[in-house]
Amino acid sequence: MGIEASTAAPTLRPRIRRDPERGLIAGVCSGTAQRAGIDPIIVRLAFVAATIAIGIGPIVYGLAWLFIPTADGGTIAGRLRGGRGSVEVAAGAGLLVLSALLLFRALGWWYSDAVTWPTVTAGVGGALIWRQWMSVPAGVAPADPGDRDDPGRGALPFLEGRMLGTVGLGVALVLGAALVFLWANGALNAAGDAVLAVVVVVVALGLILAPLWWRLGRSLAAERAERIRSQERAEVAAHLHDSVLQTLALVQRRADEPREVAGLARRQERELRAWLLDRPPARAGQSLAGALDTVAAEVESAHGGTVEVVTVGDCPLDPGAEAVLGAAREAIVNAAKFAGENGPIDVFADVSPQRIEIFVRDRGPGFDPGAVPADRRGVRESIVGRMERHGGRASVSSAGGSGTEVELTLARSES
Amino acid sequence: MNGRSLDSASLVAGLVIAALGGVLLLDGTGAVDLRFAYLAPAVTATVGAILLAIGLSRSRRA
């Protein structure tokens, strides 16, 4: 016997189920009695006694109706549930608010039953309406012709089923609260209080219609954003047509001229980069960064090779900046002439309020700066001399086989 | 100690029901006079706190 008891599977007692078929109201007492194996009348009497004694019978019954499943396993709360646990959270929060209100009422911190309860009810109704309206995505519009044939969806095809029911409940709560308020304040009987009646109805309608107005605003904002996106797409398409597509057509026509094609591609790349970085090419004549880009393009066209320009910061082309630009141009030209075939020429410009620094680096064979003949004026005058005349400094570093780097530095006057 | 994780909903439910029981006990001994006007919010708050704990616990598990 003892062995049997320890090895037998535990007996699963059936879960409590509501039994609406045999119940007087919602089948809570009937289901509970069935689960307990007693006569339903005993449970009903217990509920009545609990109601008379401490008044919690209806609350317990209501909660049981919400959370006890029927025979098919579904609960009222489960049917109302949006997300997991949301109904419990909403009910719990609501009950806590209700208990606070009841406590205030008991303590005498109370304005009036005729005002507070209709206000709370209208607030709950308004919250239900808002919640449902806000859960409809802003992009959903009642304009899908396919849905118009569905008679179940009516004039608001984006509201359906349970959602429509919840909105209906919210509307009923708001209107009911308004009517109770009017009745409790005697406004329904006294013609002299017509103004109050109108105000309350307007407030109630406002609560109902405010989400609609809110949605309308959101839809307009979404439409505006879509229009802006369309304009931007059109602008991008126009730019690509005027620049990239034209260049590609030229490249096809000059396919047998590799140098020309490379130059076209480089120019297009530079222009596209400037556009992507929102750096208009018109700045070429006005700023150091733009002018450096122009110089690089000119050198590429004239001498071939690739000149990669990276600039950090920018400044206007004042006499000092023009001197640095001239020296940089000379350094880039030298690099293109003597090292253009050895890889790209890197130009890095760092412009700060205190100074301008430009580095020009190539990957050529290099040379000995001290061995340059006196009659060659390129490095000595166009680079070093020019920088010194404007209070700056130029240094040339080169070693056999490891390329050449020209560093140009000019202090800027604080302005 | 069977290694099961703490069920916060059960903990909250136990605490608030114990608190309600304490209040009812004080009422029974005559230490406080608990009228319906005060009992109703106490019961409502108890149920509300339990529901809130259950709901938050479920949404956390989801």
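## Basis of the report

Contact here means heavy atoms within 4.5 Å. The model is a predicted one, in which local features need pLDDT of at least 70 and side-chain atom pairs count only at pLDDT 80 or more, while totals for chains, interfaces and linings use all residues. Residues are numbered from 1 along each chain as its sequence is written, chains are lettered from A and ligands numbered from 1 in the order in which they are written, and side-chain values use heavy atoms, with hydrogens and water left out.

## Where the chains meet

The contact draws 22 residues from chain A and 20 residues from chain B. The size of an interface is often given as the accessible area lost when the parts come together. Taken in this way (1.4 Å probe, summed over both parts), chain B and chain A bury about 1,700 Å² between them, and 80% of that area lies on carbon and sulfur atoms. On the side of chain B, B:Thr44, B:Leu51 and B:Arg58 supply 31% of the area buried against chain A, which is more than any other three residues.

## Two helices of chain A

Helices are DSSP runs (H or I, at least four residues), numbered from the N terminus. The axes of α11(A), residues 258-276, and α12(A), residues 288-303, come within 9 Å and cross at roughly 170°, where axes are lines fitted to C-alpha atoms over the stretch in contact and angles run from 0 to 180 degrees between N-to-C directions. The two helices are therefore roughly antiparallel to each other, a term used for angles over 145 degrees.

Their contact includes A:Arg259 and A:Arg266 of α11(A), with A:Asp293 and A:Glu300 among the residues of α12(A).

Note on methods: Angles under 35 degrees count as roughly parallel, over 145 as roughly antiparallel, 65 to 115 as roughly perpendicular and the rest as oblique. Buried area is the accessible area (1.4 Å probe) that two parts lose on being put together, summed over both.
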